[in-house]
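Let me put the model up on the screen before I start talking.

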Amino acid sequence: MERTLLIIKPDAVAKRVTGKILQRVTQQNFRLCALRSERLTAESAGGFYHVHRGKPFYQSLIEFMSSGPILVAVLEKEDAIKSLREVVGATDPQNARQGTIRKEFAESKGHNAVHASDSPESAREEIAFFFPSADFS
Ligand code: ADP
Ligand code: MG
C-alpha cells in the first residue's frame, strides 16, 4: 500500500465541489486516511510549493493557494501516487483526458481544482508538511 496527498484547491472549495471530488477518488478505491480543512498563509503556500520557486507562475500560484480554504487529504491505495495522478489529469484542463477531475472541475492551468503528489519523495514530504505526526488509522 502506498499513500499520497490530495489538495482540493480554493477554486474547487469555492465552487462547492469538494464532495464530488472526494466521491471520485473513493469510487476508485482510494481509502481516505486523513482529511482536514485548512487556510494557507502566503508563507506556508510558498513553503509547500518551494520546488517551483523562481518559476514565472510561482507568485500567482501562492497568491491563489492562500486565497481561500483548501481541503487536504491523505489517500491510500496500491500504486496510489501514479493512480491519483491519472484520476486527476493533466495540469492544464484543456489537455486533461475526459473523465478526469481536472477535465470536469478545473477552469485553467492556474486554477485547476486539485493538487496530487507526483513521486514517492514528494508524497512523503507533502504528507509530512500537513500531517507531521503521521498517526493515520
Ligand atoms: P501539477 O499540479 O500538475 O503537478 P506543476 O507541478 O507543474 O503541475 O505545477 C504546480 C501548479 O502550479 C499547477 O497545478 C498549477 O496550479 C500551477 N501552474 C503550473 N504551470 C502553470 C502555468 N504555466 N501557468 C499558471 N499556473 C501554473
Ligand atoms: Mg506538481
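I'll go through a strand, a helix, a pocket and a few side-chain contacts.

First, the ground rules: this is a predicted model, where local features need pLDDT of at least 70, side-chain atom pairs count only at pLDDT 80 or more, and totals for chains, interfaces and linings use all residues. Residues are numbered from 1 along each chain as its sequence is written, chains are lettered from A and ligands numbered from 1 in the order in which they are written, and side-chain values use heavy atoms, with hydrogens and water left out.

Let's begin with strand S3, residues 70–77. Helices (H or I, at least four residues) and strands (E, at least two) are DSSP runs, numbered from the N terminus. Is S3 enclosed or open? Eight of its eight residues are buried, so the strand is largely enclosed by the rest of the structure. Buried here means under 20% relative accessible area, exposed means over 50%, and partly exposed is in between, with a 1.4 Å probe and protein chains only. Ile70, Val72, Val74 and Glu76 point one way from S3, while Leu71, Ala73, Leu75 and Lys77 point the other way.

What does S3 pair with? Strand S1, residues 2–8, runs antiparallel to S3 and is joined to it by seven bridges. Strand S2, residues 31–38, also pairs with S3 in the antiparallel sense, over seven bridges. Pairing requires that DSSP finds at least two bridges between the two strands. If you want landmarks, Ile7 has Val72 as its bridge partner in S3, and Leu35 stands opposite Ala73.

Glu76 counts as buried, at 14% relative accessibility. Its side chain makes a polar contact with the side chain of Arg3, at 3.1 Å. A polar contact is a pair of N or O atoms within 3.5 Å; within protein, one must be able to donate a hydrogen and the other to accept it, and residues adjacent in sequence count only if both atoms are side-chain atoms.

Now to helix H2, residues 18–27, whose buried residues are Ile21, Leu22, Arg24 and Val25. Seen down the helix axis, these fall within an arc of 150 degrees, so they line one face of H2. That arc is taken over the directions from the helix axis to the C-beta atoms. On the other side, Lys20 and Gln27 are exposed. After H2 comes Asn29, with a positive phi near 70 degrees.

On to the largest pocket. Its lining has 23 residues, and Tyr49, His52, Phe57, Leu61 and His115 lie nearest its centre. Helix H4 (58–65), strand S4 (114–116) and helix H7 (120–130) each give two or more residues to that lining.

To finish, Glu125 lies in helix H7 and is partly exposed, at 44% relative accessibility. The side chains of Glu125 and His50 are joined by a polar contact of 2.6 Å.

Key:
1 Å grid on protein atoms, 1.4 Å probe; cavity = no way out; pocket = protein on both sides within 12 Å on 5 of 7 lines; lining within 4 Å.
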